[in-house]
Amino acid sequence: MGLPPPDDGVPPPRTPEAAERAGTAGAAGIPGIAGLSLGSQIVAALALAVVAVVACAHLGMVFLHVAPSNTVTKQHGRAIDDWVYPEFEQNWKLFAPNPLQQNIAVQVRAEVRTADGSNRTTGWYDLSALDGAAIDGSLLPSHTRQNELRRAWDFYVASHDSENRPTGQRGDLAERYMRRIVVMRLEEEGAAGPAGLVERVQVRSRTTNVPPPGWSEEQVSDKPVVRELSWWTVTERDRTEAGT
């Protein structure tokens with residue numbers, strides 16, 4: 001064993017091999033993008049740039065959607081609506097002078113072709129009740145379970161008249177979006193059964209008024225109002241968009 005180096009504060013000289021190993025270790029310890037190779041840095045920078053551009057574009061579209069009518073919205077309103085509807089649609093019901101005071105349950109039933117080739121009609125699935133049960137008592141309730149079905153129904157009602165006829169260009173989009181959701185939900189519930197296929201669906205809503213507080217003199221009906229739509233044929237596009 002050799003003698004220990006003198007304690008004079010000067011580090012001993014290193015060999016070229018030791019210096020190279022120390023330099024490699026130092027580079028590997030650099031945090032973040034700077035510690036990556038040049039190619040990886042370029043890929044990461046491009047990915048961040050794409051995310052930033054998409055985020056800014058999305059925020060800009062949503063801002064223009066909720067902003068008062070202006071030159072940009074008049075010239076590019078169709079493009080803005082195509083981006084926002086139906087997934088990112090905005091409304092102000094929470095802050096309206098008369099907030100929504102009704103409970104609306106969206107229900108669906110299906111006509112199914114079974115594995116043996118026969119047809120049967122399912123009972124009504126209360127999708128709103130299933131959503132409520134899924135988030136009841138949850139510390140981290142799903143945003144989709146809270147809003148997807150409700151917003152889809154609001155979108156449909158806003159784009160159709162009382163006879164369920166489209167009132168504008170978004171009527172067909174609202175119908176397809178609603179149909180896609182109910183097909184997906186029926187698949188989750190196993191409505192078709194083993195090797196079965198959902199061929200048609202029918203949607204209805206059941207609306208009941210929220211009872212006024214005991215001190216209020218307001219009188220509201222406690223009878224539910226049912227709005228039943230026609231049967232919709234399920235297409236392959238519906239199944240593809242629903243992911244079934």
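Me: Leaving aside neighbours within four places in sequence, which residues is E111 in contact with?
Reply: The model is a predicted one. E111 has its place in strand β1. Once its neighbours within four places in sequence are set aside, E111 is in contact with R120, T121, L197, V198, E199, R200 and W231.

Me: Does E111 count as buried or exposed?
Reply: A residue is buried when its relative accessible area is under 20%. The value for E111 is 19%, so E111 counts as buried.

Me: How many bridges join β1 to strand β4, and in which sense do the two run?
Reply: Strand β1 covers residues 102-113 and strand β4 covers residues 197-209. In this pairing R113 stands opposite L197 in β4. The two strands run antiparallel, and the number of bridges joining them is 12.

Me: Which residue of β6 stands opposite V201?
Reply: β4 is also joined to strand β6 (residues 232-233), by 2 bridges, and these strands run antiparallel. Within β6, the residue opposite V201 is W232.

Me: Over how many bridges do β4 and strand β5 pair?
Reply: Strand β5 spans residues 225-228. S205 stands opposite R227 in β5. The pairing of β4 with β5 is antiparallel, and its bridges number 4.

Me: Why is the pair of W153 and Y156 stacked?
Reply: The count of aromatic pairs comes to 2. For W153 and Y156, the ring centres are 5.7 Å apart and the planes stand at 20°. Planes under 30 degrees apart count as stacked, so the W153 and Y156 pair is stacked.

Me: What separates W153 and Y156 along helix α5?
Reply: Both W153 and Y156 are buried. In helix α5 (residues 143-158) they are 3 residues apart, so their separation is about one helical turn.

Me: Which residues do ring pairs link into a cluster?
Reply: W232, which stands opposite V201, belongs to this cluster together with two other residues. The cluster linked by ring pairs consists of W153, Y156 and W232.

Me: At roughly what angle do the axes of α2 and α3 cross?
Reply: Helix α2 comprises residues 38-66 and helix α3 residues 71-84. Their crossing is left-handed. The axes come within 9 Å and cross at roughly 120°.

Me: How do the residues of the contact of α2 with α3 divide?
Reply: From α2, H58, M61, L64 and H65 take part, meeting V72, T73, I80, D81, W83 and V84 in α3. By class, these residues divide into 6 nonpolar, 3 polar and 1 charged.

Technical notes. Residues numbered from 1 in each chain as written. Predicted model: local features only at pLDDT ≥ 70, side-chain atom pairs only at ≥ 80, totals over all residues. Heavy atoms only, no water. Axes fitted to C-alpha atoms, helices over the stretch in contact; angles between N-to-C directions. Left-handed = near helix turned anticlockwise from the far one by under 90°. Contact = heavy atoms within 4.5 Å. Nonpolar A, V, L, I, M, F, W, Y, C, P; charged D, E, K, R; others polar. Pairing = 2+ DSSP bridges. Phe/Tyr/Trp six-rings, centres within 6.5 Å; stacked < 30°, edge-to-face > 60°. Buried < 20%, exposed > 50% of the residue type's maximum accessible area, 1.4 Å probe, protein only.
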